[in-house]
Structure formats: C-alpha cells, structure tokens
Amino acid sequence: MPQPLTPEEKGRQILDAFANFNTKAGEGLLPGSISAYFENNRLDQQDILPGLEYAGEQEWIENGPNNFILLTANGYTQRP
C-alpha cells in the first residue's frame, strides 16, 4: 500500500499542474484545469484541496479574479 503524500508533495503536484500548462508567474489556471491535470495523470483528486492550501501557505499561488488561481513569482521558481 502506498504511503500517503505529505502536504509538500501535494503542493508540488499543484505546481506540476502549472508547469504542465506552461504557466508563467502572474498567470493563472481555473480549478477545472487543475482537476483535469490530476485526472489525466491518475492523481488523487482528494489531494487537490490540501495541495492548494499548502501551495498558498508557501506563497506559490494566490487567488485571482474570476476564480483563477495565480502562480506567483515564488511559485514559478519552485515548479519543475
């Protein structure tokens, strides 16, 4: 049985989604894009919310207008 992911690993999965879409600092994704990334990569959808929370606490992402989740400059430097 696989070990549960740490909060940091979940947060890094969020950064992986931004990298997948070639998102630059200041640009954003809609939650549905992140969900689709998780689904397409067979990642656990249950990890999205804790991943977003961790990424937000690290200031890798922030809430943007119109429900967008924005990648910060700090988050851009942390993505793969």
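Reply: Glu8 has a relative accessibility of 36% and therefore counts as partly exposed. The model is a predicted one, and a search of the whole of it finds two salt bridges. Glu8 takes part in one of these, its partner being Arg12, with 3.1 Å between the closest N and O atoms. The two residues both belong to helix H1 and are four residues apart, so about one helical turn separates Glu8 from Arg12. Arg12 is likewise assigned to the partly exposed class, because its relative accessibility is 28%.

The other salt bridge joins Asp47 to Lys10, and here the closest N and O atoms are 3.6 Å apart. This pair connects distant parts of the chain, since Asp47 sits in the loop between H2 and H3 while Lys10 is in helix H1, 37 residues away. Asp47 and Lys10 are both buried. For Asp47 the relative accessible area is 10%, and the residue is therefore classed as buried, the limit being under 20%. When neighbours within four places in sequence are left aside, the contacts of Asp47 are Leu5, Lys10, Gln13 and Phe38.

H1, which covers residues 7–20, meets H2, residues 31–40, at an angle of about 100°, and the two axes lie 10 Å apart. With that angle, H1 and H2 are therefore roughly perpendicular to each other. On the H1 side the contact involves Gln13, Ile14, Asp16, Ala17, Phe18 and Asn20, and on the H2 side Ile34, Tyr37 and Phe38. By class, the residues of this contact are six nonpolar, two polar and one charged. Gln13 and Phe38, which both belong to the contact between H1 and H2, are also among the residues that touch Asp47.

H1 also packs against H3, which covers residues 48–57; the angle is about 90° and the axes are 7 Å apart. That angle makes H1 roughly perpendicular to H3 as well. H1 contributes Pro7, Glu8, Lys10, Gly11 and Ile14 to the contact, and H3 contributes Ile48, Pro50, Gly51, Leu52, Tyr54 and Ala55. Seven nonpolar, two polar and two charged residues make up the contact of H1 with H3. Glu8 and Lys10 are both part of this contact; Glu8 is also the salt-bridge partner of Arg12, and Lys10 that of Asp47. Ile14 is listed in the contact of H1 with H2 and again in the contact of H1 with H3.

Arg42 has a phi near 55°, a positive value in a residue other than glycine. In general, most residues other than glycine have a negative phi. Whereas Asp47 is buried, Arg42 counts as exposed because its relative accessibility is 80%.

A positive phi of about 55° is also found at Asn66, which is not a glycine either. Asn66 lies in the loop between strand E2 (61–63) and strand E3 (69–71). With a relative accessibility of 68%, Asn66 counts as exposed. Beyond residues up to four places away in sequence, Leu30 touches Asn66, together with Asn67 and Phe68. Leu30 itself is placed in the loop between strand E1 (28–29) and H2, and its relative accessible area of 37% makes it partly exposed. Leu30 and Asn67 are 37 residues apart along the chain, yet 6.4 Å separates their C-alpha atoms.

Asn74 is 16 residues from Gln58 in sequence, and their C-alpha atoms are 8.5 Å apart. The side chain of Asn74 reaches the backbone oxygen of Gln58 at a distance of 3.1 Å. Apart from residues up to four places away in sequence, Asn74 touches Gln58, Glu59 and Trp60. Its relative accessibility is 35%, so Asn74 counts as partly exposed.

Conventions
Residues are numbered from 1 along each chain as its sequence is written. This is a predicted model: local features need pLDDT of at least 70, side-chain atom pairs count only at pLDDT 80 or more; totals for chains, interfaces and linings use all residues. Side-chain values use heavy atoms; hydrogens and water are left out. Axes are lines fitted to C-alpha atoms, for helices over the stretch in contact, and angles run from 0 to 180 degrees between N-to-C directions. Angles under 35 degrees count as roughly parallel, over 145 as roughly antiparallel, 65 to 115 as roughly perpendicular and the rest as oblique. Contact means heavy atoms within 4.5 Å. Ala, Val, Leu, Ile, Met, Phe, Trp, Tyr, Cys and Pro count as nonpolar, Asp, Glu, Lys and Arg as charged, and the others, Gly among them, as polar. Buried means under 20% relative accessible area, exposed over 50%, partly exposed in between (1.4 Å probe, protein chains only). A polar contact is a pair of N or O atoms within 3.5 Å; within protein, one must be able to donate a hydrogen and the other to accept it, and residues adjacent in sequence count only if both atoms are side-chain atoms. A salt bridge is a side-chain nitrogen of Lys or Arg within 4 Å of a carboxyl oxygen of Asp or Glu.
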